[in-house]
Amino acid sequence: MDRDGVTHQDIWHDLPAYALGALADEEAQRVAAHLRVCPVCQAELARLDLAAATLGFALPPTPPPATLKDRVLTAALALPAEAPVGRVVATVHQQRWLARLRRVAWAAALVALLVESLVLGVLGVRLEHAERAQAQANARLAQVLAILRQADWSAPVLGESNGAAPIAGRVYVDSQGVAGVLIIDGLPPLPAQNLYQVWLIRPDGQRVNGGVFTVDRSRHAVVFLQAPDSWTAFIGMGITVEPSPGGSVKPTGPRVAGCTWNWGEG
Amino acid sequence: MVGHEELSDEALLQAMRARQPEALAQLYDRYAAAVYSLARMITRDDGAAEDVTQEVFLRLWQAPELYVPERGPFAPWLLRVTRNRALDWVRQRRRGTASLAVMIDEHGIEPVGGGEDPAALAERTILAEHVRQALAELEPSQRQVLELAYFAGLTQREMADMLGIPLGTVKTRVRTGLRRLADLLTRERIWTETE
C-alpha cells in the first residue's frame with residue numbers, strides 16, 4: 001500500500017481501463033506512478049495494451065482513396081532527411097562516451113529548437129518541432145546506449161585518409177548480433193548535396209545499405225546501423241560519399257573508411 | 001534499391017531509418033487500410049480519416065524510432081498512434097461515433113477492393129475475423145463498454161452517465177471484458193500467427 005492508501009490490487013483492477021484510456025486523469029496518474037515500480041503490473045499492462053489495440057483490427061478493412069498513397073509519398077519525399085549527427089570521439093573510455101552522448105542528444109535538440117525558433121517564429125509550430133526533435137534524439141540515444149551496454153563484439157574502423165587528418169573509429173554489435181553502432185572520428189564535413197553511407201559487405205562481395213549520416217565541424221559521428229540480416233552474414237563494412245538525401249543503391253562515391261572481420265576468430 | 005518484398009515490419013522500419021521511400025510505400029500498402037478504417041470509424045468523416053492516415057504515415061517516416069520493438073508488435077502500436085490522432089480530432093469537434101456493429105452493417109465484413117497489397121489484405125482479413133470471433137465471446141454489455149472506450153474515447157464516468165448505469169458496473173464490465181478479450185487473444189495466439 002502506498003502513502004495514499006492505494007494497494008497493488010486497486011491498481012491491478014484499474015489496468016484494463018488504463019489500457020483503454022478510460023480513466024480520469026487523476027486515476028491515470030495514480031496508475032502510472034505505480035507502474036514505474038511494479039514489474040508485475042507492467043507485464044499485465046503490456047498484455048492488455050495488445051488486446052485493446054487489437055480492437056482496431058476488428059473493423060472491416062476499407063482502403064483509403066487511391067490518390068492518398070501518392071500524396072503521402074510525395075509529402076514524405078518533400079520532408080528533409082534527418083540523418084544522425086554526432087560528436088563523440090571513438091577512442092575514449094566507454095563511460096566518457098555515455099556522458100558525451102547524453103550531451104550530444106540534448107545539444108542536437110536544443111540546436112533544432114533554436115534554429116527553428118529563428119526561422120519560424122510561431123510558438124505552436126516551434127514546440128511541436130522541438131518535441132519531435134527531442135523525441136528523435138532521445139530515441140536514437142536510447143538505441144545507441146542499449147547497443148553499447150550489450151555490445152560484446154567490436155572491430156576497429158580505419159580511414160583512407162591519404163595523408164590528411166586520420167580517420168579512426170570502431171563498430172559495436174549487440175550480444176544478439178542484430179544491431180550495431182558505429183563511432184567514428186576524423187571524417188570531414190561534406191557539402192549539402194552529399195552524405196556518408198555505410199555499406200555492409202557480404203562474403204560474396206555484395207554491398208548492403210547500412211544507413212546514412214553526416215558530420216559537423218567536430219568531425220565525429222555516432223551512427224545507429226541497420227543490418228537487414230544478422231551481423232554474422234557480413235564480413236566487413238565500408239563508408240563512401242554518396243548523394244544526399246537518401247544515399248545510393250550501391251556504392252558510387254569514394255570510399256573513406258572501412259574494415260573487415262572474421263567471425264571464425266571469435 | 002534492394003527489393004522489400006515480404007520483408008518483416010521491422011526490416012522495413014530499418015530501411016525507413018535509412019530513408020528508403022520504398023519501405024514507406026510497402027508499409028503503407030500493408031497497413032493503410034487498417035489505419036484508414038480505424039480513423040474513419042472514430043472520426044466518422046472521410047476527409048478527416050484521410051488526414052489522419054497521412055499524418056500517421058508521415059510521422060512514421062519522420063521518426064521511425066518512435067516505435068520501440070521491445071514494447072510489442074508494430075501493427076498494434078501503429079493503430080494506437082492512429083487512434084490517438086483520430087480521437088484528438090474528435091475531441092476538437094465532438095463528433096459522434098458509431099458502434100462496431102453499425103460499421104459492419106454499413107460496410108460489411110468483406111474487404112473492399114483497393115490498392116492494398118493482396119497478401120497484407122488477406123492477413124488483415126483473417127486477423128479481423130479472429131478478433132471479431134473473440135469479441136463475439138464477450139457479453140454484449142462488456143463489448144459495448146470496450147467499444148465506447150476504444151472507438152469513442154469515453155472515460156468510465158462518461159460511459160456511466162451516457163448509459164445511465166452505476167460507475168461500478170461500468171468498471172466491472174471494462175475490467176472483465178478486456179481481461180477476457182486478452183485471454184481469448186492469447187489462446188488464439190493472434191500475434192504469433194499473423195506477425
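A residue counts as buried under 20% relative accessible area, exposed over 50%, and partly exposed in between. By that rule Arg47(A), with a relative accessible area of 26%, is partly exposed. The model is predicted.

**The contact between the chains**

Chain A gives 57 residues to the contact and chain B gives 73 residues. About 5900 Å² is buried between chain A and chain B, and carbon and sulfur atoms give 67% of that area. Between the two chains, 13 residue pairs are in polar contact. On chain A, the side that touches chain B draws at least two residues from each of helix 1 (8-19), helix 3 (39-54), helix 4 (66-78), helix 6 (123-150), strand 6 (207-215) and strand 7 (220-226). Helix 3 of chain A supplies the largest share, nine residues. By class, this side of chain A has 38 nonpolar, ten polar and nine charged residues.

**Salt bridges**

Over all chains, the structure has 13 salt bridges. Five salt bridges cross the interface of chain A and chain B. One salt bridge pairs Lys171(B) with Glu27(A). Some pairs are set out below.

| Pair | N to O distance |
|---|---|
| Arg47(A) and Glu44(A) | 3.1 Å |
| Arg132(B) and Glu129(B) | 3.5 Å |
| Glu10(B) and Arg17(B) | 3.7 Å |
| Lys171(B) and Glu27(A) | 3.9 Å |

Arg47(A) and Glu44(A) both sit in helix 3 of chain A, three residues apart, about one turn of the helix. Residues three or four places apart point the same way, because an α-helix has 3.6 residues a turn. Glu44(A) has a relative accessible area of 8%, so Glu44(A) is buried.

Arg132(B) and Glu129(B) are likewise three residues apart, in helix 6 (residues 118-136) of chain B. Here Arg132(B) is buried at 13% relative accessible area, whereas Glu129(B) is partly exposed at 32%. Shared partners in salt bridges join Glu44(A), Arg47(A), Arg179(B) and Asp183(B) into one network.

Arg17(B) is buried, with a relative accessible area of 12%.

**Helix 7 of chain B**

Helix 7 of chain B covers residues 140-152, 13 residues in total. At 1.5 Å a residue it should span 18 Å, and the end C-alpha atoms are 17 Å apart, so the two values agree. Buried residues of this helix include Gln142(B), Val145(B), Leu146(B), Glu147(B) and Phe151(B). Just after helix 7 of chain B comes Gly153(B), with a positive phi of about 70 degrees.

Technical notes. Residues are numbered from 1 along each chain as its sequence is written. Chains are lettered from A and ligands numbered from 1 in the order in which they are written. This is a predicted model: local features need pLDDT of at least 70, side-chain atom pairs count only at pLDDT 80 or more; totals for chains, interfaces and linings use all residues. Side-chain values use heavy atoms; hydrogens and water are left out. Helices (H or I, at least four residues) and strands (E, at least two) are DSSP runs, numbered from the N terminus. The expected span of a helix is 1.5 Å times one less than its number of residues. Buried means under 20% relative accessible area, exposed over 50%, partly exposed in between (1.4 Å probe, protein chains only). Contact means heavy atoms within 4.5 Å. Buried area is the accessible area (1.4 Å probe) that two parts lose on being put together, summed over both. A salt bridge is a side-chain nitrogen of Lys or Arg within 4 Å of a carboxyl oxygen of Asp or Glu. A polar contact is a pair of N or O atoms within 3.5 Å; within protein, one must be able to donate a hydrogen and the other to accept it, and residues adjacent in sequence count only if both atoms are side-chain atoms. Ala, Val, Leu, Ile, Met, Phe, Trp, Tyr, Cys and Pro count as nonpolar, Asp, Glu, Lys and Arg as charged, and the others, Gly among them, as polar.
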